[in-house]
Amino acid sequence: MGPPSAAPHGGHRPWQGFLITASLLTFWDLPPTVQFTIEALPSSAAEGKDVLLRACNISETIQAYYWHKGKTAEGSPLIAGYLIDVQVNIPGTAYSGRETIYSNGSLLFQNVTLEDAGSYTLRTINAKYDSDQATGQLHVHQNNVPGLPVGAVAGIVTGVLVGVALVAALVCFLLLARTGSIRRDLREQRPPASTPGHGPSHRSAFSAPLPGPRTATPLYEVSVGHGCSGPTGPKGPRIYSQQHLAEL
């Protein structure tokens, strides 16, 4: 009996084919790695509202979440951390008391301000202590009047200011007009000033005019009886004027 034939060198063995097939099947069965993302709800929030930074496509093997304020986790201040095993929030240096991390990794902002706008990064750590991170944006705008655009609000404010200015001008005009009327009444009621050297006239309606220095006022003297001495003559009473009396 001859010796058994040996397998030729470099020949194909059947078990090698099975190993290659098993390796390919294992590679195809591995779940694809999906990068998680951050979504802001709402995408642009008014000042004073609440905003949720939702973590999407988070793996179930994550053990801890860490939120940072910045475009990357490295070198950015830590807002807070969340440990899934103990379900507790751990505040960081950038924590303001308005942030809350949920068990799915999402971050809730309450009463946002304009200073809160910017980039925020979530860093995750899985059971194998592998780290991954994603960044989202928080947009905050001023709280305007609901339903009115900025131009309409500016127009309303301008109209109110113009109305106030017109009312103020009308009030000033009325005050000036009333003041001028009062002054005019006072001038009309004031007595006329006397001419220098001529005092105000106090002549009564019943007083007679005084005679001038040259007006002759007749004075009558009537003699009573005979033998009386006086300025009377035989022809009757004499008439003297004030000038004659001054000469006597």
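Which side chain makes a polar contact with the side chain of S119? The side chain of Q137 does, at 2.6 Å. A polar contact is a pair of N or O atoms within 3.5 Å; within protein, one must be able to donate a hydrogen and the other to accept it, and residues adjacent in sequence count only if both atoms are side-chain atoms.

## Basis of the model

This is a predicted model: local features need pLDDT of at least 70, side-chain atom pairs count only at pLDDT 80 or more, and totals for chains, interfaces and linings use all residues. Residues are numbered from 1 along each chain as its sequence is written, and side-chain values use heavy atoms, leaving out hydrogens and water.

## Confidence

pLDDT is the predictor's confidence in each residue, from 0 to 100. The chain averages 75. A score of at least 70 is reached by 57% of the residues.

Residues 4-9 stay under 50 in pLDDT, and the model gives them 0 contacts beyond four places in sequence. Contact means heavy atoms within 4.5 Å. Residues 219-234 also have pLDDT below 50, but this stretch has 17 contacts in the model beyond near neighbours in sequence. Where pLDDT is low, the predicted coordinates should not be read in detail.

## Chain overview

The chain has 3 helices and 12 strands. These are DSSP runs, numbered from the N terminus: helices are H or I with at least four residues, strands E with at least two.

Of the 248 residues, 17% count as buried, meaning under 20% relative accessible area (1.4 Å probe, protein chains only). The chain exposes about 19,100 Å², by the Shrake-Rupley method with a 1.4 Å probe. Carbon and sulfur atoms supply 61% of that area. Among contacts between residues at least 6 apart in sequence, 47% join residues at least 24 apart.

An open sheet of 4 strands runs in the order 1-3-8-7, with antiparallel pairing. Two strands pair if DSSP finds at least two bridges between them. Strand 1 (37-41) and strand 7 (99-101) are the edges, each pairing on one side only. The twist averages 20° from one strand to the next, with axes as lines fitted to C-alpha atoms and angles from 0 to 180 degrees between N-to-C directions.

Strand 7 and strand 8 (residues 107-109) run antiparallel, joined by 3 bridges. I101 stands opposite L107 in strand 8.

## Around S119

S119 lies in strand 9 (residues 118-126). S119 is buried, with a relative accessible area of 13%. Leaving aside residues up to four places away in sequence, S119 touches K69, G70, K71, T135, G136 and Q137.

Key: Buried means under 20% relative accessible area, exposed over 50%, partly exposed in between (1.4 Å probe, protein chains only).
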